[in-house]
Amino acid sequence: MSSATFTTTMTRAVNLPAGGDVVIRAVGVNYAYGAGETRTQVLFDNHLEISRGEVVIMTGPSGSGKSTLLTLIGALRKMQEGYLEVLHKNLSKAGEGEQVDLRKDVGFIFQQHNLFSSLSALENVRMATALKPASAEEMDRRCVDILTKMGLGDRIHHRPAELSGGQKQRVAIARALVNQPRLVLADEPTASLDAKSSQIVLDLLRGLADGPTKTTILLVTHDQRVIDKADRIVNMIGGRIVTNSLTKVAVRIVRALAATPWLEGLSEATLSRIANAMTVEARVPGETIVRQGDECDRFFVVGSGVADAYKDGQFDEEKCYGESFGMISAYFKMPVPETVTARTEMELYVLTKDDFLHALAEDQSFETRIRSILAGASPVAQPSSPSAP
């Protein structure tokens, strides 16, 4: 399958299940500035769904409507036409109070840092903690921690005039992230950052998406460095979302899932939803992937590389696990039947047990497939018989 197989042209409503993990759902969103003869429509019939823990890039030429859509999603602008649900709140009918409440769960990063010149970096970030108050000591700790992660540990008491442009932007980003928001909306967050600072910010955003909070990240950007951290790319032209594509990493995961025998025949939409919830892990030669007798706490599929199997400490010459081998004992709560060890460098695509079970609940076709395997009482997917290197 080519990557083009997983590119969707967004010309009509997206028919995805209305699961609890959908953080942003837009259906037929239109928006115009002005009225009467001066009315200018800038958004046309936009449809979009973004799930919890996804990192999504929104790109497109200047004036294509990206920032307008971003501000609608962030409840910074009142809806006009269409349906928009964010963090399970219907913004199509939301009043000012409801919009304010929503914004408390959103971290905003704009091109202009908008720092208070009379306050230190710490004090600028500290202001945001009032949205989620705690003890003074706890709020100070959160501020120092996030500024340190941003590489500003030695600048926390400096005022904006004493900081470089990139340092000011990192303070603004720290302010947006200090409360560990459920949703981050960013407009060109890395535009003024050098390569090192950009990497720090991108790693932190990816970590929020992959971590316990599973923060959803939506970034408007033209920075190519962001692509490796993203799950999907949404492209806007002339006020319309024209493509909604998986990134190269996600495409690799979907390909591995599609080639897995026990997932064969599932729809691309199902495979894409599973792929978007998976994380990538690397293994080096000799490293143990699963150990015989343990109850596996994750579901994984091998993306690349080869592993060997050992039964009761003895090498099993008949088994060689490679691309598209997967372990599903996390669902069955059965002990792992053999130890699997990396023979070569490997790339694994992994779902935690909780995410795996959630994927079952969110997609009926996936659950049906797993139940059919359960009926066969086999805890391990059949390998695809790769050739040894």
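This is a predicted model: local features need pLDDT of at least 70, side-chain atom pairs count only at pLDDT 80 or more; totals for chains, interfaces and linings use all residues.
The chain has 389 residues, of which 50% count as buried, and its secondary structure comes to eleven helices and 19 strands. Among contacts with a separation of 6 or more, 73% join residues 24 or more positions apart.

**Backbone: positive phi values**

- Here is some background for the two residues below: most residues other than glycine have a negative phi.
- Asp45 has a positive phi, near 50°, and is a residue other than glycine.
- With a relative accessible area of 40%, Asp45 is partly exposed, because values between 20% and 50% fall in that class.
- His88 is not a glycine either, and its phi is positive at about 65°.
- You will find His88 in the loop between strand S5 (81–86) and strand S6 (89–90).
- The relative accessible area of His88 is 43%, so His88 counts as partly exposed.

**Helices H5 and H6**

- Helix H5 spans residues 165–177 and helix H6 spans residues 195–210; their axes come within 12 Å and cross at roughly 10°.
- H5 is therefore roughly parallel to H6, since angles under 35 degrees count as such.
- On the H5 side, the contact is made by Arg170, Ile173 and Leu177.
- On the H6 side, Ser197, Val201, Leu204, Leu205 and Leu208 take part.
- By type, the residues in this contact of H5 with H6 are six nonpolar, one polar and one charged.

**The buried side of helix H3**

- Helix H3 runs over residues 121–128, and its buried residues include Ala121, Leu122, Asn124, Val125 and Ala128.
- Why do these residues lie on the same side of H3? They do so because they cover an arc of only 165° around the axis.
- What covers the buried residues of H3? The cover includes helix H4 (136–149) and H5, the helix that also meets H6 through residues such as Ile173.

**Aromatic pairs**

- With ring centres required to lie within 6.5 Å, the count comes to three aromatic pairs.
- One of them joins Phe108 and Phe110, which are stacked, with 5.9 Å centre to centre and 10° between the planes.
- Is Phe108 buried or exposed? Phe108 counts as buried, because its relative accessibility is 19% and the class takes values under 20%.
- Another pair is formed by Tyr310 and Phe315, whose ring centres are 5.5 Å apart.
- The planes of Tyr310 and Phe315 stand at 55°, so this pair is tilted.
- Tyr310 is partly exposed at 29% relative accessibility, and Phe315 is partly exposed at 39%.

- Val306 is found in the loop between strand S14 (298–304) and strand S15 (307–311).
- Val306 has a relative accessible area of 9%, so Val306 is buried.
- How many residues apart in sequence are Val306 and Thr341? They are 35 residues apart in sequence, and their C-alpha atoms are 8.8 Å apart in space.

How values were computed
Residues are numbered from 1 along each chain as its sequence is written. Side-chain values use heavy atoms; hydrogens and water are left out. Rings of Phe, Tyr and Trp (its six-membered ring) pair if their centres lie within 6.5 Å; planes under 30 degrees apart count as stacked, over 60 as edge-to-face and the rest as tilted. Buried means under 20% relative accessible area, exposed over 50%, partly exposed in between (1.4 Å probe, protein chains only). Axes are lines fitted to C-alpha atoms, for helices over the stretch in contact, and angles run from 0 to 180 degrees between N-to-C directions. Helices (H or I, at least four residues) and strands (E, at least two) are DSSP runs, numbered from the N terminus. Angles under 35 degrees count as roughly parallel, over 145 as roughly antiparallel, 65 to 115 as roughly perpendicular and the rest as oblique. Contact means heavy atoms within 4.5 Å. Ala, Val, Leu, Ile, Met, Phe, Trp, Tyr, Cys and Pro count as nonpolar, Asp, Glu, Lys and Arg as charged, and the others, Gly among them, as polar. The arc is that of the directions from the helix axis to the C-beta atoms.
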